[in-house]
Amino acid sequence: MQMLYTDFKKTDNQPIHSMKKATLNIENQVYELPVVEGTEKEKGIDISRLRPETGYITLDSGYKSTGSTKSAITFLNGEEGILRYRGYPIEQLAKNSSFLEVAFLLIYGNLPSKEELEKFVSKITRHTLIHEDMKKFYEGYPAKAHPMGVLASMIGALSTFYPESQKSELEPEEVDVTIRRLIAKISTIAAWSYKKSQGFPVMYPQNRLGYCDNFLHMMFAQPTEEYEVNPVISEALNTLLILHADHEQNCSASTVRMAGSSHASLYAAISAGVCALWGPLHGGANQKVIEMLRQIREEGSDVAKMIEKAKDKSSDFRLMGFGHRVYKNFDPRANIIKASTDSVLKELGNNDSLLKIATELEEVALSDDYFIERNLYPNVDFYSGILYRAIGIPTDMFTVMFALGRLPGWIAQWKEMRDNREPISRPRQIYTGENARDYVSIEKR
Ligand code: CMC
């Protein structure tokens, strides 16, 4: 018996079913599975007809070898340390572009013309205020509320102020206005959650300022004194946001796509993405890196002790900011952040003792067999925390900064999923529980 597939039509930049086939032999039946090839020659075996044709499913905990979608947004080659948004290398974008230009690129597929960018920026700027009633929500959070919890709930709450966003089918202009609202309001929500945690009055957005300057203004200005944005800090923030803007089918992007595949609103899907990013194995690692470096300092700066702890299989401890599911050589974002951190610290005359510990930790780990054998290198979060500290961002806001940067990527992933009319995400499982058994009344148990 042979499986039959409808051949995909080849269009520009679309993956094709190549001439190659993979052969699968189950219980003496041979099946031919089509091989799909992407534009960068990466290959996959199309198993979409596997269950209806054979009754079998594939099993891959953590999706280590599973592609969930075809995507034209971000290309990543972990072996060679390549990261490109819509074909443009991350190094070029980080050096030359602005965060909102990169947001346009990710969401709409091409770099904007001058007019397109001006229009995009001006439309976003018009949405920076949040409804005054939402301001009252901040009164209800406990003083020690983690800003990621505040961010996720406030983004979810946005949908209640714009109920039309909950429609299952949306016109393109309705989608665009939700996109603009989200990009504009997330920085106001984030900065206000910080102000409230400190007991300070919130600072309203200033629409004469650019995206990064406005965020810094809302974070650090006080009504009592003049505040001038330091261009070096603003530039560093711009770089950080660009580096975080997308990273293909990672945990939070997949969450956004999965939540959105039920046709939940974009606000709901992004709120789910914020929650997924929060965990220490994903975006929450940047906060954990700083906590780990502080701990090393408090315990007498014994770097070797921390390395030994990370290697000890009897503990769950891992070296935070090290290792990556995809990058097995180097993380190109980490290289750019390291350079940016050096120049910001130099400019600000900041002599961060944690940076010294981080550098030493990196050196020791990179020459240790355990880390070499497992291809564990510093990832984007290893240095981003040091840079955030230098620009005055408090530790528990680090993951919020990651979310601010990742928002355009999440939106692009959601939009691509909806534009391609992808079906609801619904994985299968191999059931390992009890077989059918009869209910036993409580007296007889
Ligand atoms: N410290 C010590 N050992 C590690 C580490 C680490 N940071 N990362 C992986 N390992 C070991 C792991 O114990 C395993 O060893 P063994 O083969 O002996 O069992 C081996 O390396 C492979 O690990 P894995 O868990 O199979 O790798 P993964 O691809 O599933 O996990 C990761 C990737 C990022 C979750 C993991 O490397 C990790 O937990 N790193 C620390 C947290 C961190 O920095 N996260 C931020 C990731 S970058 C931001 C983002 O994009 O989300």
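A backbone N or O atom of Leu281 lies 3.1 Å from a nitrogen atom of the ligand. This comes from a predicted model, in which 22 residues surround the ligand. Domain 2 (88–282 + 396–416) and domain 3 (285–391) both contribute residues to that shell, so the ligand lies between the two domains.

**Contacts with the ligand**

- In the side chain of Arg325, an N or O atom is 2.9 Å from an oxygen atom of the ligand.
- The side chain of Arg374 likewise has an N or O atom 2.9 Å from an oxygen atom of the ligand.
- Of the 940 Å² of accessible area that the ligand has on its own, the protein covers 79%.

**Make-up of the shell**

- Among the residues that surround the ligand, the closest are His282, Lys313, Leu319, Gly321 and Tyr370.
- Sorted by class, the shell around the ligand consists of 9 nonpolar, 5 polar and 8 charged residues.

**The sheet of β4, β5 and β6**

- An open sheet is formed by 3 strands, which follow the order β4-β5-β6 and are paired in antiparallel fashion.
- The edges of this sheet are β4 (74–77) and β6 (88–89), each of which pairs on one side only.
- Strand β4 is joined by 4 bridges to strand β5 (residues 82–85), and these two strands run antiparallel.

Key
Residues numbered from 1 in each chain as written. Predicted model: local features only at pLDDT ≥ 70, side-chain atom pairs only at ≥ 80, totals over all residues. Heavy atoms only, no water. Near = heavy atom within 4 Å. Polar contact = N/O pair within 3.5 Å; in protein donor to acceptor, adjacent residues only side chain to side chain. Areas by Shrake-Rupley, 256 points an atom, 1.4 Å probe, with all protein chains shown as cover. Nonpolar A, V, L, I, M, F, W, Y, C, P; charged D, E, K, R; others polar. Domains from an automatic or database assignment. Pairing = 2+ DSSP bridges.
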